[in-house]
Amino acid sequence: MPRKFFEKPTPDQGDRVPPGQYLAKGFPVLSYGETPQISTDEWLFKVWGLVESRSFDWSDFMNLPQQDFTADFHCVTRWSKLDVQWTGVKVTDFLDAINLDPQATHILQHCYGGYTTNLSLADFARPENFFAHTLNGAPLPPDHGGPLRLVVPHLYAWKSAKWIKGIEFLDHDQEGFWERNGYHMRGEPWAEERYGGRK
Ligand SMILES: Nc1nc2c(c(=O)[nH]1)N[C@H]1C(S)=C(S)[C@@H](COP(=O)(O)O)O[C@H]1N2
Ligand SMILES: [Mo]
């Protein structure tokens with residue numbers, strides 16, 4: 001690995017870097033395709049499927065409880081970044097604001113630009129997950145997923161949709177973009193669930 005892009009973990013960081021991962025310098029951008037440019041005025045977020053359908057405009061979302069978060073970030077292409085600082089809305093607070101159908105077991109995240117990725121409801125509803133609109137105290141830059149992205153720290157970062165515009169609630173697991181292309185349905189970095197689709 002070229003030293004320019006990676007650094008060695010300090011002893012206290014070592015046990016936070018999953019197997020096969022390296023610490024990135026800076027915060028790399030990893031996007032498939034163009035970065036959509038969405039203003040908060042036109043931004044709209046919808047929930048549908050096994051849930052009472054509802055849309056949130058930007059002010060609806062900003063009226064949900066807001067919090068600061070510190071989270072580690074692991075990309076399946078082998079870079080990790082520890083202690084990223086974000087501000088946004090806890091997934092559990094968001095779930096309190098919608099009416100889920102008890103049949104829902106999985107979600108598919110839908111994004112401006114067409115990207116999709118799946119999660120089980122259990123992986124989505126974890127207390128450490130959040131929607132982020134602020135990175136290091138500044139509005140989340142479009143390249144990193146602004147106006148709003150999901151962050152799911154316990155899974156590889158392809159499960160953390162940038163430019164998220166909606167969530168579909170399902171009673172089964174459905175592949176998203178990378179899952180259809182051979183990536184793992186769950187993507188847990190400590191188990192190196194990199195590839196494997198439905199395996
Ligand atoms: N909409 C969308 N979300 C996405 C991606 C993408 O291409 N499109 N890439 C994923 C991948 S593979 C990673 S590693 C992270 C990268 O986030 P970053 O660019 O902020 O580092 O976003 C994830 N979310
Ligand atoms: Mo990634």
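**Reading the features**

Reply: Arg16, Asp72 and Asp83 are joined in a network of salt bridges. This is a predicted model, in which local features need pLDDT of at least 70 and side-chain atom pairs count only at pLDDT 80 or more, while totals for chains, interfaces and linings use all residues. Residues are numbered from 1 along each chain as its sequence is written, chains are lettered from A and ligands numbered from 1 in the order in which they are written, and side-chain values use heavy atoms, with hydrogens and water left out.

Me: How many salt bridges does a search of the whole structure find?

Reply: A salt bridge is a side-chain nitrogen of Lys or Arg within 4 Å of a carboxyl oxygen of Asp or Glu. The search finds 6 salt bridges. In one of them, the side chains of Asp83 and Arg16 meet at 2.8 Å, N to O. That pair links distant parts of the chain, 67 residues apart: Asp83 is in strand β6 (residues 79-90), and Arg16 is in the loop between α1 (11-14) and β2 (22-24). Helices (H or I, at least four residues) and strands (E, at least two) are DSSP runs, numbered from the N terminus.

Me: Is Asp123 buried or exposed, and with which residue does Asp123 form a salt bridge?

Reply: Buried means under 20% relative accessible area, exposed over 50%, and partly exposed in between (1.4 Å probe, protein chains only). Asp123 is buried, because its relative accessible area is 7%. The salt bridge of Asp123 is with Arg186, the closest N and O atoms being 2.7 Å apart. Arg186 has a relative accessible area of 32%, so Arg186 is partly exposed.

Me: Which side chain meets that of Glu179 in a salt bridge?

Reply: The partner is Lys159, at 2.7 Å, N to O. Glu179 lies in helix α5 and Lys159 in the loop between β11 (149-151) and β12 (164-170), 20 residues apart. Both Glu179 and Lys159 are buried.

Me: In which sense do β5 and β6 pair?

Reply: Two strands pair if DSSP finds at least two bridges between them. Strand β5 (residues 67-74) pairs with β6 in the antiparallel sense over 7 bridges. Asp68 has Thr87 in β6 as its bridge partner. The two strands β5 and β6 form a hairpin with 4 residues between them, and Arg78 in the turn has a positive phi of about 95°.

Me: Which residues does Leu100 touch?

Reply: Contact means heavy atoms within 4.5 Å. Not counting residues up to four places away in sequence, Leu100 touches Leu50, Val51, Leu95, Leu121 and Phe169. Leu100 is in the loop between α3 (91-96) and β7 (106-111). From Glu52, Leu100 is 48 residues away in sequence and 6.5 Å away in space, C-alpha to C-alpha.

Me: Which residues come nearest to ligand 1?

Reply: A residue is near a molecule if one of its heavy atoms lies within 4 Å of it. Of the 20 residues around ligand 1, Pro28, Tyr32, His144, Arg149 and Lys162 come nearest. An oxygen atom of ligand 1 is 2.6 Å from an N or O atom in the side chain of His144. Taken alone, ligand 1 exposes 530 Å², of which the protein buries 98%; accessible areas come from the Shrake-Rupley method with a 1.4 Å probe, and for residues only the protein chains shown count as cover.

Note on methods:
Polar contact = N/O pair within 3.5 Å; in protein donor to acceptor, adjacent residues only side chain to side chain.
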